[in-house]
Amino acid sequence: ADTCETEEDEHYSSASEDYSSSASETQSSPPQTRKDLSAGNIPDAAYMQVACRKHQLARTQGDYIPLDASHRAPVSQKKACSDTESEDDSDHDTILHFAPKTKSLKQRMAEYVGKFKPVYQASEDDEIQNMWEEQQLKKAVRLPQGMNVDTSLHKSRPMKIKFDPSVSLPPVNLEIVKKRLNTRITSLQDLHRAHQREHEKYTQDIESSKSTIQELERSSNAALNYKFYRSMKTYVESLIDCLNEKLLHINELESAMQMLLQQQAITHLKRRQEDLKNESAYVQLLSRKNGKSAGDSLEDDEKTKQLLEKSDARRTCRRQARESLGKSDHHEGMSSDDELSAAEKTDFQKNKDDILQESKKICEDVHADFCNIRNILLKFQQWRQKFPDTYYNAYISLCLPKLLSPLIRIQLIGWNPLEVYLNEMPWFRAIEEFTDAKNMPQSKRNDDPDQTILPTIIEKTILPKITGFVEHVWDPLSTSQTVSLVQLCKNVFEEHSLSKNESSKAKEDLVNSIVSRMKKSIEEDLLSNILLWDGIILEDTLHELGLGKLLNRYLLLILLNAPPGPDNVEKCNKVVACLPERWFKELKSGSTLPQLANFSQHLLQSAHTLYKNNCRDLILLLVKVNALHVAEDFIEEYKLEYLKSIVRK
């Protein structure tokens with residue numbers, strides 16, 4: 001490299017000398033040149049070369065600022081900016097620097113590499129150094145015009161890379177290397193953790209995609225789904241239109257059946273009242289006969305006798321029916337039920353059959369998918385199995401009770417709450433099967449909205465039906481009807497109630513109708529029918545109705561007027577058997593209920609009369625009603641030591 005630079009300096013020196021000699025020759029003979037040109041001679045190549053050297057020297061000599069203002073260079077002489085002159089050290093001494101010296105490309109590249117590249121990347125630095133050297137050589141071989149320099153010598157000679165001592169590299173020691181390696185390791189670890197998180201995310205996405213693919217494979221495609229939803233929409237619209245068309249006919253048949261049952265109840269009530277009047281008239285007739293002579297007595301009332309004979313005939317029939325059923329504990333005068341005559345039964349059954357036949361014709365022109373509750377629920381069950389999300393989002397559990405209500409009312413037209421239980425009806429079993437959650441876990445079973453379908457139907461459809469029956473058909477003086485009605489209400493309130501702890505409006509209406517009906521019916525007859533409602537109706541209300549009004553006003557009056565004896569004791573025993581035992585469990589003072597004070601005194605008077613014969617049963621009745629003080633006083637009065645054990649128990 002040093003040899004090459006020396007040769008280049010010698011070459012440029014000789015070229016400068018040639019330029020100087022040519023310039024001196026040209027300056028020394030300007031007249032001759034002008035003479036030759038004016039004579040019209042054509043200049044040869046040597047002359048042209050000398051002229052070019054002259055112009056070149058003139059441009060070179062103009063690159064300075066003269067001290068004498070009179071010897072300024074002409075405007076046409078411009079500064080020649082060649083790459084070789086810019087690198088001449090002698091020229092730099094005469095140039096004024098108005099700004100910091102600009103660093104060379106090599107210096108800038110070295111600083112950049114030293115700042116950003118690590119020490120161990122020496123191979124990249126060498127490559128950059130070689131590229132920079134090549135660029136400088138290319139600039140160096142760019143000679144001025146007219147110079148014929150052979151550059152093949154430079155290309156053929158190997159070039160030696162020269163290290164620039166002006167470039168300072170940062171100090172390197174073991175700590176720096178260790179620190180950089182640790183930094184590098186930390187960054188790689190962070191990158192690795194980021195890659196792991198991405199890998200986990202991609203794994204989860206893959207699993208989710210697989211599950212989605214499986215669900216899509218199990219389900220139908222979009223076209224089939226749309227077809228299913230479209231068919232369900234059309235089906236529900238057609239079902240609603242069909243039921244709306246049948247509602248008027250359903251209401252008419254319900255009203256007809258209710259009127260028929262109401263007429264039957266009115267017939268029973270009137271017959272009971274007529275029997276009481278006839279018995280009263282018969283007693284009055286006997287009293288007149290006993291108080292007057294036979295001659296003064298009136299003719300026997302044949303009509304009254306006939307009515308009494310009919311009443312006796314009905315009692316005989318009821319007694320025979322009880323004996324056939326094995327009920328031998330009944331006493332005369334304690335019957336609470338009545339029956340229709342054969343002709344009345346036939347007429348009632350014929351009218352009932354006609355109404356039921358008309359109810360069957362309501363849906364005879366309707367397809368089974370639109371009138372059969374089981375088929376309707378099957379449609380919604382398919383929806384629930386195929387697309388459970390859309391099924392529950394559509395709140396089907398709130399729609400089905402209202403949708404099925406007309407069809408349930410058709411089946412309830414011939415329903416007698418006192419004869420047929422709800423769980424025996426077809427619609428009840430169909431809904432139970434639809435809402436069956438035996439295969440579901442307990443947590444999901446409690447949260448399943450379909451579990452509220454049956455209680456909602458009972459509250460919205462069944463309870464109003466029972467309320468109407470209580471108001472117009474139920475006879476509180478009928479033991480069989482009362483027992484059946486109590487059992488039905490307990491079943492509905494305890495097992496199928498929508499709100500077991502709270503009172504709904506339908507439940508309150510039913511209880512109020514029962515209380516109102518009993519208030520109207522408490523004239524006389526059995527106490528047990530009233531007290532059967534214990535646990536459903538408030539205890540204070542039962543105390544007022546059963547004990548205050550019925551027992552003290554009517555039954556006790558009959559017991560006081562009856563002669564003492566076994567029959568009277570048996571009737572008192574029946575009264576005590578009707579009283580709920582839990583009424584006396586909380587009484588700790590040895591006294592009975594205030595409403596039973598008069599009844600306890602009657603038992604005591606009967607015991608005084610019968611203490612020698614059957615007073616033990618009467619003392620036992622006093623103990624049952626918790627009249628312990630009265631029983632103890634009686635025992636102490638008559639010195640009945642063997643009865644003290646009964647009181648202690």
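Reply: Helix 19 (residues 453-472) and helix 20 (residues 479-495) pack with their axes 12 Å apart and at an angle of about 160°. Helices (H or I, at least four residues) and strands (E, at least two) are DSSP runs, numbered from the N terminus. Axes are lines fitted to C-alpha atoms, for helices over the stretch in contact, and angles run from 0 to 180 degrees between N-to-C directions.

The model is a predicted one, in which local features need pLDDT of at least 70 and side-chain atom pairs count only at pLDDT 80 or more, while totals for chains, interfaces and linings use all residues. Residues are numbered from 1 along each chain as its sequence is written, and side-chain values use heavy atoms, with hydrogens and water left out.

Helix 19 and helix 20 are therefore roughly antiparallel to each other; angles over 145 degrees count as such, under 35 as roughly parallel, 65 to 115 as roughly perpendicular and the rest as oblique. Helix 19 passes helix 20 in a left-handed crossing. A crossing is left-handed if the near helix is turned anticlockwise from the far one by less than a right angle, and right-handed if clockwise. From helix 19, Ile458, Leu463, Ile466 and Val470 meet Leu485, Leu488, Val492 and Phe493 of helix 20, where contact means heavy atoms within 4.5 Å. By class, this contact of helix 19 with helix 20 has eight nonpolar, no polar and no charged residues. Ala, Val, Leu, Ile, Met, Phe, Trp, Tyr, Cys and Pro count as nonpolar, Asp, Glu, Lys and Arg as charged, and the others, Gly among them, as polar.

A second pair is formed by helix 26 (residues 597-609) and helix 28 (residues 628-638), which pack at an angle of about 20° with their axes 11 Å apart. That angle makes helix 26 roughly parallel to helix 28. Helix 26 passes helix 28 in a right-handed crossing. Leu604, Ala607 and His608 in helix 26 meet Val630, Phe634, Glu637 and Tyr638 in helix 28. The residues of this contact of helix 26 with helix 28 divide into five nonpolar, one polar and one charged.

Asn626 lies in the loop between helix 27 (615-624) and helix 28. Asn626 has a positive phi of about 70° although it is not a glycine. Most residues other than glycine have a negative phi. At 10% relative accessibility, Asn626 counts as buried; buried means under 20% relative accessible area, exposed over 50%, partly exposed in between (1.4 Å probe, protein chains only). Leu587, in the loop between helix 25 (582-585) and helix 26, touches Asn626 as well as Thr592 and Leu593, not counting residues up to four places away in sequence. With a relative accessible area of 25%, Leu587 is partly exposed. The C-alpha atoms of Leu587 and Val625 are separated by 9.8 Å, although the two residues are 38 residues apart along the chain.

Lastly, the wider setting. The protein has 29 helices and zero strands. Of its 649 residues, 30% are buried. Among contacts with a separation of 6 or more, 72% join residues 24 or more positions apart.
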